Amino acid sequence: MPFSYRVLNANYVNAYTFPGGAMGVTRGIMAELNNEAELAALLGHEMGHVNARHAAQRQGQAMVVQVAVAGINVAAQDSQWGQLLGLGSQIGASALLSSYSRDHEREADALGQEYLVRAGYPAQGMTALHQMLVNEEKAQPSLLSTMFSSHPMNTERRNTAAQLAATRYASSAKAPLQRERFMDSTASLRRIKPTINACQNGETAMASKAFAQAQGQFESALKSSPRDYAAHVRMAQCLQAQGKSSQARPFAEQAQAIYPQEAQAHKLSAVLALSLRDPAAALEGLERYDRQLPGDPGTTFLKGVSLEGMGRRQQAAQHYAQYLRLTQQGEAAQFAANRLQAWGVAR
Ligand SMILES: [Zn+2]
């Protein structure tokens with residue numbers, strides 16, 4: 001399996017896995033881990049899902065507050081990484097981690113702990129990982145309640161891991177946790193922990209549509225880390241959700257400038273530009289997004305809208321037609337089809 005790993009610039013405590021072997025762990029969870037053994041337990045668990053061919057159930061709609069982007073679903077659909085980044089940009093603690101069945105979670109834990117030990121770490125890495133999740137749930141119930149809706153499960157999983165560590169894997173207890181190496185490698189993340197925590201609080205507030213409260217949290221995140229990419233993106237989304245597009249736009253643009261290699265801000269900026277009737281700027285942002293995450297139908301559609309806004313009807317029609325080849329359902333498809341018909345392009 002071609003496993004690949006990324007740290008996602010997302011704040012909530014979570015990890016994602018796709019059947020093809022792509023995995024992402026958020027900076028939110030990285031900042032809570034204490035050593036390599038805990039990280040290895042987390043990755044081992046995720047690998048367990050992949051290797052045991054667990055199919056994640058579809059995420060419940062209620063678990064996720066999607067930030068409405070011009071009323072159109074623009075989530076990347078075609079590539080694993082596109083999906084991963086799309087998930088990273090969602091608000092709240094929705095989790096593929098929690099969308100497996102309880103039996104699958106137990107199996108992934110068992111496999112993960114086995115891998116952890118074989119990789120040379122002590123088995124209590126898995127116990128400590130679950131203990132951290134139990135503690136998190138106590139400290140920030142609102143943040144984690146959607147993610148770990150099955151409360152007894154955390155404690156049960158911690159206890160199972162502890163029991164196996166004391167019995168089957170007892171001989172691994174002397175293996176190094178690799179705490180120092182982990183702390184060195186993640187020092188820059190822990191330095192911005194106040195920012196991450198403020199962003200988490202802001203996201204929790206946004207998930208319950210308490211936008212003014214959320215805005216205050218993102219302001220405080222930006223105060224402690226004035227060049228934080230994720231905090232800028234969230235602030236822009238928070239203002240956008242309140243209908244304040246012109247206030248949101250500079251934050252999205254600042255995010256683009258801080259971290260031009262990351263795709264999300266380019267699209268957010270483009271959507272804001274579109275809503276402020278600046279299609280030329282929107283097209284530029286969408287082209288940047290497309291270069292980084294090609295194959296996203298939503299981007300093709302929005303490029304069509306931008307080109308139409310710029311009076312380039314023929315190119316707009318090409319984009320609408322291309323979008324319709326990728327997607328036939330939904331508001332955007334209807335819009336594109338209507339345009340083609342009105343322009344006499346459609347059959
Ligand atoms: Zn899992």
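**Rings, burial and a zinc site**

Visitor: Why is tyrosine 323 called buried?

Guide: Its relative accessible area is 5%. Buried means under 20%, exposed over 50%, and partly exposed in between (1.4 Å probe, protein chains only). So 5% makes tyrosine 323 buried. The model is predicted: local features need pLDDT of at least 70, side-chain atom pairs count only at pLDDT 80 or more, and totals for chains, interfaces and linings use all residues. Residues are numbered from 1 along each chain as its sequence is written, and side-chain values use heavy atoms, with hydrogens and water left out.

Visitor: How many aromatic pairs does the structure hold?

Guide: There are 6. Rings of Phe, Tyr and Trp (its six-membered ring) pair if their centres lie within 6.5 Å; planes under 30 degrees apart count as stacked, over 60 as edge-to-face and the rest as tilted.

Visitor: What makes the pair of phenylalanine 301 and tyrosine 323 tilted?

Guide: The ring centres are 5.2 Å apart, so the rings pair. The planes meet at 50°, so the pair is tilted. Phenylalanine 301 lies in helix α16 (residues 297-309) and tyrosine 323 in helix α17 (residues 313-326), so the pair ties together parts 22 residues apart in sequence. Helices (H or I, at least four residues) and strands (E, at least two) are DSSP runs, numbered from the N terminus. Phenylalanine 301 is buried at 2% relative accessibility.

Visitor: Why is the pair of tyrosine 320 and phenylalanine 335 called edge-to-face?

Guide: The planes stand at 75°, with 5.9 Å from centre to centre. That angle is over 60 degrees, so the label is edge-to-face. Tyrosine 320 sits in helix α17 and phenylalanine 335 in helix α18 (residues 331-342), 15 residues apart.

Visitor: How do you know that phenylalanine 335 is partly exposed?

Guide: Its relative accessible area is 30%. Tyrosine 320, at 0%, is buried.

Visitor: Which residues form one aromatic cluster?

Guide: Phe301, Tyr320, Tyr323, Phe335 and Trp343.

Visitor: What makes His45, His49 and Glu105 donors of the zinc ion?

Guide: His45 (NE2), His49 (NE2) and Glu105 (OE) lie 2.0 Å from the zinc ion. Donors are N, O and S atoms within 2.8 Å of the metal (3.2 Å for Na, K and Ca), so these atoms qualify. Water is not among the atoms, so sites may look incomplete. Histidine 49 is in helix α2 (residues 36-51) and glutamate 105 in helix α4 (residues 102-118), so this pair ties together parts 56 residues apart in sequence.

Visitor: Are histidine 49 and glutamate 105 buried or exposed?

Guide: Buried: histidine 49 has 1% and glutamate 105 has 4%.
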